[in-house]
Amino acid sequence: MGFNEACSFDLMDVDDEKSLADDVAVDAEGNAYVTDCVGNKIWKVGVDGKFISIIRNPLFTTTQWYKNLVGLNGIVYHQDGFLIAVHTFSGNLLKIDLTKGEEVKLIKVAGGPLTFGDGLELLSPTKLVVAGRPSARLVESSDGWETASVVATFSGPKRRMASAATVKDGKVYLNHLFGLGFPKPKHAIIEAVF
């Protein structure tokens, strides 16, 4: 049984709000953190697929209602015990410190915001790839992700939006999930060169 099959029933039973599970990150103990891009919360699911808790914070939502149509989206676990998540329509980058009781802070991003950010992937402990529109932005932090800077961008197919990033052997690959052709309406996986 896959992760989605294991947790879908449990997640539906714990929350009566409108929800849409979007992205997932797994911590060092094997717990999964699933973003809800409609309800702007994060579900924590144990290694056995059972619901543990919901992480909520006022920073997960913006004051403009229309910027919450697609909210918390990409998420990644950092080896130092925290999560980094992006809020798609506001472009906010957030740090959720699991070592401090799920404390949430807004990461100040020079060259941001990261509007239309979707999938996240760490290239290194100090470098983060944000897939979206443009296809990808490379964000770097030298202070443990208290602040960060956009240091490079990559523009892929013009009529496509990258929804996920994967790093293999130091190279970044972007999945351009949806868009208008290129030349056919299928997935396009492209190496991002920054």
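User: Buried means under 20% relative accessible area, exposed over 50%, and partly exposed in between (1.4 Å probe, protein chains only). Which is Glu-103: buried, partly exposed or exposed?

Analyst: Partly exposed: Glu-103 has a relative accessible area of 31%. The model is predicted, with local features needing pLDDT of at least 70 and side-chain atom pairs pLDDT 80 or more, while totals for chains, interfaces and linings use all residues. Residues count from 1 along each chain as its sequence is written, and side-chain values use heavy atoms, leaving out hydrogens and water.

User: What does Glu-103 form a salt bridge with?

Analyst: Lys-105, with 3.9 Å between the closest N and O atoms. A salt bridge here needs a side-chain nitrogen of Lys or Arg within 4 Å of a carboxyl oxygen of Asp or Glu. Lys-105 is partly exposed too, at 31% relative accessibility.

User: How many salt bridges does the structure hold?

Analyst: There are 4. One of them joins Glu-146 to Lys-95, with 2.9 Å between the closest N and O atoms. That pair links distant parts of the chain, 51 residues apart: Glu-146 is in the loop between strand 11 (136-140) and strand 12 (147-154), and Lys-95 is in strand 7 (residues 93-97). Strands are DSSP E runs of at least two residues, numbered from the N terminus.

User: And is Lys-95 buried or exposed?

Analyst: Lys-95 counts as buried, at 8% relative accessibility.

User: What else does the side chain of Glu-146 meet in a salt bridge?

Analyst: Lys-105, at 3.3 Å from N to O. Lys-105 is in strand 8 and Glu-146 in the loop between strands 11 and 12, so this pair ties together parts 41 residues apart in sequence. Lys-95, Glu-103, Lys-105 and Glu-146 are linked in one salt-bridge network.

User: Which residues line the largest cavity?

Analyst: Lys-95, Asp-97, Lys-100, Glu-103, Lys-105 and Glu-146. Strand 7 and strand 8 each supply at least two residues of that lining.

User: Switching to the largest nonpolar core. How many residues?

Analyst: It has 15. Such a core is a set of buried Ala, Val, Leu, Ile, Met, Phe, Trp, Tyr and Cys residues joined through side-chain atoms within 4.5 Å. Ile-84, Leu-93, Leu-128, Val-139 and Trp-145 have the most contacts inside it. At least two core residues come from each of strand 6 (82-87), strand 8 (103-110), strand 9 (117-124) and strand 10 (127-132). Strand 6 gives the most, 3 residues.

User: Why does it lie between domain 1 and domain 2?

Analyst: Because domain 1 (18-106) and domain 2 (109-193) both give residues to this core. The bounds come from an automatic or database domain assignment.

User: What is Leu-93 in contact with?

Analyst: Beyond neighbours within four places in sequence, the contacts of Leu-93 include Ile-84, Val-86, Lys-105, Leu-128 and Trp-145. Contact means heavy atoms within 4.5 Å.

User: Last one. Where is Lys-44 found?

Analyst: In strand 3 (residues 41-45). Lys-44 is buried, with a relative accessible area of 18%. Setting aside neighbours within four places, its contacts include Asn-31, Tyr-33, Phe-51 and Ile-52.

Key. Helix = DSSP H or I, 4+ residues; strand = E, 2+ residues; numbered from the N terminus. 1 Å grid on protein atoms, 1.4 Å probe; cavity = no way out; pocket = protein on both sides within 12 Å on 5 of 7 lines; lining within 4 Å.
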